[in-house]
Amino acid sequence: MRQLAMIPVLAVALSGCALFEKQGGRSGVTGPAEPQPATEFAPAVSTSVLGTTRATSAAALDKTTAEEKAAALAAPASGGERELGKTVVALGPPVEQGIWLSSPLVKAKAQGRIVTAAGKSLAVELRPGTGGALLSLAAFQALGLSLTELPQVTIYGP
């Protein structure tokens, strides 16, 4: 008796399989459809550094004068400054001019100073930041650092 009651259930379940068949007798669940050739292609995209059409040197991007860099290197430590911490810095956006450092260790924009592991000191504008610390192109060049270097600096501020 039970077996007879199962016949209508099986008939309904099997009839639902016809819903998955495509024309031509291929079942959509047995394998992928035949690949179709591409009919459109995306246009070629050309990109360049900072939107220019040719390479730009670091010297051409840095508008900070040699006098400004020399003054920042010669600036003495101010009284009342405290160590904010040590951090590894990467090169910041070259289009942002000036001698600055952006770091999460800095809570408000202020004048401060950084000291490299080699002992070179540089007066900088301290800027609050998020993520990794960034140092301006002018600061990298004033300190004589390679632009691909990730130097550790100690930050001093008010």
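Colleague: How many bridges join strand 3 to strand 6, and which way do the two run?

Modeller: This is a predicted model, by the way. In it, strand 3 (residues 110-116) and strand 6 run antiparallel, with 4 bridges joining them. One spot to look at is Thr 116, which stands opposite Val 153 in strand 6.

Colleague: What makes strand 1 and strand 6 a pair?

Modeller: Pairing takes at least two bridges. Strand 1 (residues 82-91) and strand 6 (residues 152-157) have 6 bridges, in the antiparallel sense, so they pass the cut-off. Val 88, for instance, has Gln 152 as its bridge partner in strand 6.

Colleague: Why is the contact between Glu 81 and Arg 113 called a salt bridge?

Modeller: The limit is 4 Å between a side-chain nitrogen of Arg and a carboxyl oxygen of Glu. Here the closest N and O atoms are 2.3 Å apart, so the contact counts as a salt bridge. The pair links distant parts of the chain, 32 residues apart: Glu 81 sits in the loop between helix 3 (66-74) and strand 1, and Arg 113 in strand 3.

Colleague: Why is Arg 113 called buried, then?

Modeller: Buried means under 20% relative accessible area. Glu 81 has 22%, so Glu 81 is partly exposed instead.

Note on methods:
Residues are numbered from 1 along each chain as its sequence is written. This is a predicted model: local features need pLDDT of at least 70, side-chain atom pairs count only at pLDDT 80 or more; totals for chains, interfaces and linings use all residues. Side-chain values use heavy atoms; hydrogens and water are left out. Buried means under 20% relative accessible area, exposed over 50%, partly exposed in between (1.4 Å probe, protein chains only).
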